Amino acid sequence: MTDTLPRSESPAEHSPRQAEGQIFSLAGPGEPPADSSVASGQTPVGLAPTVGVEAAAGLTPSVGLGRTVGPGVGPMEPTPGPDRLQKLYLEITTDCNMDCPMCVRRQWPGADAQMTTETFELALAQALQMPGLQTVHFGGFGEPMVHPQFPTWLQKAAQAGFQVELITNGLLLDERMAHLCVRAPVERLFVSLDSARTVENAPGHADVFEGVWRNLRRLYAAKLVHHSAKPEVYALFVASRSNLAELWELKRLAPYLGLQGILVSNLVPYTPELEEEILYRHWSTVPAGLPPSSWNPLVDLPRMDPSPEIVELILRLRSHGTPLRIAGSERYDGLMRCPFVVEGRAAVGPTGDVSPCLALLHSYRYWFRGQQRQIQRHTFGNLHQQTLAEIWSSPAYQQFRQRVRAFAFAPCIDCGGCDLRQSNQLDCLGNPAPTCGACLWAAGLVQCP
């Protein structure tokens with residue numbers, strides 16, 4: 001694949017740009033880098049060099065964003081920070097121009113839903129009444145660009161003063177769409193890229209890489225025409241056993257795809273067969289965050305080279321929930337934390353229903369550790385019946401957010417001892433629906449932009 005990338009059409013940025021607290025810069029035009037050039041210290045866009053054994057073992061500090069370290073087995077102090085709506089997802093359609101084997105849409109009976117102009121205008125007007133709401137994100141479980149009103153609505157959201165984000169599979173990012181995204185502008189554009197080459201019959205989007213590559217070059221050309229650094233482009237990579245090796249190649253090609261970062265998420269197995277593809281079979285939360293004791297003592301390590309034997313040791317300590325500190329930083333990777341609630345997000349479905357997160361917009365089932373789990377959708381109101389402000393401040397929604405910020409749920413993600421784990425309707429601590437103790441998003445296994 002890399003031999004076919006034309007020099008003259010490779011994306012490039014000629015000056016660094018600061019984005020979200022990090023400096024991103026794109027390499028100049030040229031042939032894709034060989035592995036030797038990357039090894040010499042040149043790091044592709046938006047990806048800091050991995051330094052130390054903690055990076056090799058996948059460990060991250062439990063600091064920042066108001067995280068509270070805890071095992072998730074009972075009430076804790078709520079995560080600090082303002083409880084206000086800051087980001088609103090608009091799922092304007094559940095339709096899509098693709099039919100990926102891994103997609104949850106295959107479970108939904110009946111026709112796909114489309115948001116009406118009335119619902120969108122209502123959502124936009126009510127969003128303007130929410131102090132602190134900064135970002136409108138077009139995305140969900142459908143492809144936003146298939147909606148006939150998407151170009152108009154994108155411009156209206158941007159003109160209203162919101163930072164606009166968009167997630168797309170990239171196949172409909174033609175010249176018209178590219179110029180629209182630049183002019184609006186879209187602040188951040190997330191493109192589903194599960195491979196750095198075309199792979200037939202893959203569970204994700206790997207069979208369309210060539211088309212997405214061409215469209216990303218077109219987007220870069222539009223940015224040059226308009227002398228704009230927007231939108232910032234990020235790849236959304238769904239990792240599985242089949243495509244994990246592709247992540248390095250995608251990182252290597254980042255400057256030539258115009259990527260400023262790669263957001264990696266785990267595969268959610270919506271069929272029993274897909275469970276064989278997941279990369280988190282042995283992940284555990286139960287002991288993580290418990291105070292050190294003679295039964296589970298703290299292991300305090302210095303920085304070390306990420307040699308195979310050291311990484312193996314770190315992984316073994318992780319799998320047993322050992323309290324771990326590396327170079328003075330606590331590394332509790334079993335933290336349960338809901339990014340949607342803690343970071344002030346909510347989602348509006350095509351009919352105007354308001355859910356606390358993307359995971360609760362729809363009903364579906366998935367398989368985890370050999371067991372089927374049924375998720376029932378949950379909403380706290382509808383924009384046609386109440387305003388967004390009324391829904392956000394309703395007692396039921398406020399109480400739910402308080403439970404989630406404290407993460408006062410049973411640790412269902414690690415427990416296989418009762419049938420309550422099979423749905424999100426009740427847990428053994430008596431929490432009402434929806435219960436979040438088995439949420440893959442709160443566990444940090446699945447990530448959404």
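Which strands each supply at least two residues of the lining of the largest cavity? They are E5, strand E7 (232–239) and E8. Strands here are DSSP runs of E, at least two residues, and helices are runs of H or I, at least four, numbered from the N terminus.

Before going on: this is a predicted model, where local features need pLDDT of at least 70, side-chain atom pairs count only at pLDDT 80 or more, and totals for chains, interfaces and linings use all residues. Residues are numbered from 1 along each chain as its sequence is written, and side-chain values use heavy atoms, with hydrogens and water left out.

Back to the largest cavity. A cavity is a set of points on a 1 Å grid over the protein atoms alone where a 1.4 Å probe fits but cannot get out, and lining residues have an atom within 4 Å of a point. The lining has 32 residues, and Met102, Gly140, Phe141, Ser192 and Leu236 lie nearest the centre.

Now the sheet. Eight strands form an open, mixed sheet, in the order E8-E7-E6-E5-E4-E3-E12-E13; two strands pair if DSSP finds at least two bridges between them. Strand E8 (261–266) and strand E13 (354–355) are at the edges with a single partner strand each, so one side of each has no neighbour in the sheet. Further in, strand E3 (residues 87–90) and strand E12 (residues 345–348) pair in the parallel sense over four bridges. In that region, Tyr89 stands opposite Ala347 in E12.

Technical notes. On a 1 Å grid over the protein atoms alone, a cavity is a set of points where a 1.4 Å probe fits but cannot get out, and a pocket is an open set with protein on both sides within 12 Å along at least five of seven lines; lining residues have an atom within 4 Å of a point.
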